Amino acid sequence: MPGFSLPRTARITRTHKVSAALVATASCAAALALTAAPSNAATPAAHASAAVKPVGANGLPVVAKAQASEDKKQESVSVADGLKVTAVAEQGHAAQQAANRSTERKEIAPPKEAAPKPAAPRYANNLDGWIRQALDIMQSKGIPGSYEGLHRNIMRESSGNPNAVNDWDINARNGIPSKGLLQVIQPTFDTYHVAGTADSLTDPVANITAAANYAAHRYGSIDNVNSAY
């Protein structure tokens, strides 16, 4: 009512009630805000939990069991690699030992015996044997001539007698008679003597080869001789 006023004590009491009501309202609002918003303390914990999760080879988080499997796989690969290296080393060692044994066997192997030399040909001690032996020597010395050419001239000159001597021709009158199977004089024999044969003018093989050598130089071959030469 106009002009009416509460006593001072009543006004103070009313003011205190209003203030208490405002404080209570503010506390309730704060409590509701804290309940609705996530706690700041909870957020770092969640972040910490996410930070310590194991990460796989693909960069994505994996559980502890998957990490253990991955570690075991890496350990198996390392062991397998180690076994491979060991196996290769053992193979190389075994190969080196085999090579050493092979070398040792070669060193201690007895030397092979040299192949026996072929036996020297044996010639009959007759006209056929003398001609054949002379032909082998002539071939080794590069002196031409054939069996037929030698045989033909021998039969004409001495009839196959190695000791035949001509004591009536010009050579005999000059003191150097022709002798042997192919009737060779001493100077001719000395000049055309074939090394390796006997030094005797009347030796059958030495006489034939010296005469064939002389004929080769003068006529090209004893085969080209058909008369006195």
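Ala206 has its place in helix 8, where helices (H or I, at least four residues) and strands (E, at least two) are DSSP runs numbered from the N terminus. At 0% relative accessibility, Ala206 counts as buried; here buried means under 20% relative accessible area, exposed over 50%, and partly exposed in between, with a 1.4 Å probe and protein chains only. Not counting residues up to four places away in sequence, Ala206 touches Phe189, Thr197, Ala198 and Ser200, contact meaning heavy atoms within 4.5 Å. Ala206 and Gly180 are 26 residues apart in sequence, and their C-alpha atoms lie 9.5 Å apart in space.

A word on the ground rules before we go on. This is a predicted model, in which local features need pLDDT of at least 70 and side-chain atom pairs count only at pLDDT 80 or more, while totals for chains, interfaces and linings use all residues. Residues are numbered from 1 along each chain as its sequence is written, and side-chain values use heavy atoms, with hydrogens and water left out.

**The chain as a whole**

The secondary structure comes to eight helices and zero strands, giving the pattern α-α-α-α-α-α-α-α along the sequence. Of the chain's 229 residues, 21% count as buried. Among contacts with a separation of 6 or more, 44% are between residues 24 or more positions apart. The chain exposes about 16,500 Å², and carbon and sulfur atoms supply 59% of that; the areas come from the Shrake-Rupley method with a 1.4 Å probe, and for residues only the protein chains shown count as cover.

Rings of Phe, Tyr and Trp (its six-membered ring) pair if their centres lie within 6.5 Å; planes under 30 degrees apart count as stacked, over 60 as edge-to-face and the rest as tilted. By this rule the count comes to two aromatic pairs.

| Pair | Centre to centre | Angle between planes | Class |
|---|---|---|---|
| Tyr192 and Tyr214 | 5.4 Å | 65 degrees | edge-to-face |
| Tyr214 and Tyr229 | 6.0 Å | 35 degrees | tilted |

Together, ring pairs link Tyr192, Tyr214 and Tyr229 into a cluster. Is Tyr214 buried or exposed? At 13% relative accessibility, Tyr214 counts as buried.

Asn213 lies in helix 8 too. With a relative accessible area of 13%, Asn213 is buried. Leaving aside neighbours within four places in sequence, Asn213 is in contact with Ile143, Tyr192 and Val194, so Tyr192 turns up here as well as in the ring pair.

**The largest pocket**

Rolling a probe the size of a water molecule over the atoms shows where empty space is left. On a 1 Å grid over the protein atoms alone, a pocket is an open set of points where a 1.4 Å probe fits, with protein on both sides within 12 Å along at least five of seven lines, and lining residues have an atom within 4 Å of a point. About 300 Å³ of space lies in the largest pocket; grid points are joined across faces, edges and corners, and the volume is the space filled by probe spheres set on the points.

Which residues lie nearest the centre of the largest pocket? Of the 15 lining residues, these are Asn171, Ser178, Gln183, Ile185 and Tyr229. The lining divides into eight nonpolar, five polar and two charged residues, where Ala, Val, Leu, Ile, Met, Phe, Trp, Tyr, Cys and Pro count as nonpolar, Asp, Glu, Lys and Arg as charged, and the others, Gly among them, as polar.

**Loop residues worth a look**

Gln183 lies in the loop between helix 6 and helix 7 and is buried, with a relative accessible area of 13%. Although Gln183 is not a glycine, its phi is positive, about 50 degrees. Ser159, in the loop between helix 5 (147-157) and helix 6 (170-173), is likewise not a glycine and has a positive phi of about 60 degrees. Ser159 counts as exposed at 57% relative accessibility.

Ser146 has its place in the loop between helix 4 (127-141) and helix 5, and at 23% relative accessibility Ser146 counts as partly exposed. Beyond neighbours within four places in sequence, Ser146 is in contact with Leu135 and Asp223.
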